[in-house]
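Look at the chain below before reading on. This report takes it feature by feature.

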Amino acid sequence: MTMLLDRSPGFGVYIHWPFCAAKCPYCDFNSHVRHQPVDQERFARAFETELATMRDRTGPREVTSIFLGGGTPSLMKPQTVATVLDAVAKNWTVPAGIEVTLEANPSSVEAERFRGYRAAGVNRVSLGVQALNDKDLRFLGRLHNVDEALHAIGLAREIFPRLSFDLIYARPGQTPEAWQAELERAIGHAADHLSLYQLTIEEGTPFHALHAARKFAIPDNDHAADLYALTQEITAAHGLPAYEISNHARSGAESRHNLTYWRYGEYVGVGPGAHGRFVENGRRVVTIAEKMPETWANLVDAKGHGITGGETLTRSEEADEFLLMGLRLAEGIDLSRYEAFSGRGLSTARLSVLQGEGLVAPIGNARLRATPAGMIVLDAVVADLAR
């Protein structure tokens with residue numbers, strides 16, 4: 001577990017499986033429903049090709065984590081997962097025992113498939129539970145019920161060394177008392193990690209139109225802030241404190257892959273709609289892949305990759321991203337690393353004001369973190385510091 005506790009940013013590989021059995025009304029991720037069976041062999045070959053192209057760009061690296069996200073990666077055959085993981089290992093050094101996470105939906109969980117993923121090399125599963133209340137699961141468009149969710153959690157605990165699951169709170173009509181009871185029930189089933197997100201209304205989703213038409217209402221900012229504070233209090237009391245705004249873990253069980261993002265490490269993104277950020281020829285580049293799965297696969301066949309967008313970041317842009325990501329973490333940021341990106345230190349005048357308002361706090365002389373009050377208004381804190 002020492003790897004999880006060090007602060008090296010790491011080098012991750014993200015694989016995006018874009019297919020879902022149904023599109024959830026709150027989701028703005030790149031996910032697609034297909035009513036005919038997906039040609040998994042074709043997509044596996046395309047992943048292999050794009051991974052090889054990305055290896056040409058990054059050069060030799062040692063991978064610190066692999067994450068299969070989506071979409072619904074638990075719709076993949078175990079053999080598809082094995083093919084992709086083997087391709088990662090062919091292109092970069094993959095030490096034994098590194099974190100390999102697969103996202104799964106309880107409705108697509110089978111013990112045989114889970115054991116197949118484990119045999120392929122997956123050692124951590126992240127379950128999209130979202131609620132422990134059947135009425136709210138229906139509202140959120142989920143295909144599983146609470147009993148199926150608890151069954152999936154039990155299977156995952158048996159088969160995988162590590163487990164996380166997601167819940168969405170600040171749902172319509174949710175009281176602090178109801179959320180406390182649900183969260184404490186969830187903690188009773190959690191192994192070592194929980195991701196707890198407030199319901200947000202994203203443009204382009206069915207929920208955005210329904211919310212605009214006043215078909216439902218979500219808690220206002222004050223109520224949402226109260227639910228957030230309650231979440232921090234309950235998880236900390238049960239030994240799962242927040243190590244990032246929405247993520248909670250027992251010591252040593254933090255998500256290595258997500259820490260790579262928040263610590264502003266490097267990562268390759270492969271698959272439809274995947275993003276990557278890595279250093280190439282001394283500069284940090286952003287890669288963005290074509291979103292439509294079949295179009296992406298055709299591009300890979302034609303050119304060896306499906307990348308259709310991206311940029312090379314300026315030092316100032318790197319510094320701003322580093323601030324935005326790193327201040328999400330309870331451990332905060334290394335001030336000398338910010339100076340290395342930006343070529344200057346943070347404004348002492350702005351730091352003094354924010355510290356006086358109780359929004360940021362120093363950690364010794366070398367680090368800076370957002371306080372619990374600062375986390376709630378983090379975008380404003382970052383905007384103030386980055387000016």
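Which strand holds glutamine 130? Glutamine 130 lies in strand β6, residues 124-130. Helices (H or I, at least four residues) and strands (E, at least two) are DSSP runs, numbered from the N terminus. Glutamine 130 has a positive phi of about 75 degrees, although it is not a glycine.

This is a predicted model, where local features need pLDDT of at least 70, side-chain atom pairs count only at pLDDT 80 or more, and totals for chains, interfaces and linings use all residues. Residues are numbered from 1 along each chain as its sequence is written, and side-chain values use heavy atoms, with hydrogens and water left out.

**The whole chain**

The protein chain has 16 helices and 17 strands. Its C-alpha trace spans about 60 × 50 × 45 Å along the principal axes. A compact globule of 387 residues would have a radius of gyration near 21 Å, and the protein chain agrees, with 21 Å. That radius is taken over C-alpha atoms, and the globule rule is 2.2 Å times the number of residues to the power 0.38.

**A cis peptide bond**

The bond from glycine 70 to glycine 71 is cis, with omega near 25 degrees. Glycine 71 sits in the loop between β4 (65-70) and α3 (78-91).

**Two packed helices**

Helix α6 (residues 146-159) packs with helix α7 (residues 176-189) at about 30 degrees, with their axes 11 Å apart. So α6 is roughly parallel to α7, a label for angles under 35 degrees. Axes are lines fitted to C-alpha atoms, for helices over the stretch in contact, and angles run from 0 to 180 degrees between N-to-C directions. Contact means heavy atoms within 4.5 Å.

| Helix | Contact residues |
|---|---|
| α6 | Val146, Leu150, Ile153, Arg157 |
| α7 | Arg185, Gly188, His189 |

By class, this contact has three nonpolar, two polar and two charged residues. Ala, Val, Leu, Ile, Met, Phe, Trp, Tyr, Cys and Pro count as nonpolar, Asp, Glu, Lys and Arg as charged, and the others, Gly among them, as polar.

**A pocket**

The second largest pocket is lined by 14 residues. Gln232, Ala242, Ala330, Pro372 and Met375 lie nearest its centre. A pocket is an open set of points on a 1 Å grid over the protein atoms alone, where a 1.4 Å probe fits, with protein on both sides within 12 Å along at least five of seven lines; lining residues have an atom within 4 Å of a point.

Note on methods: Angles under 35 degrees count as roughly parallel, over 145 as roughly antiparallel, 65 to 115 as roughly perpendicular and the rest as oblique.
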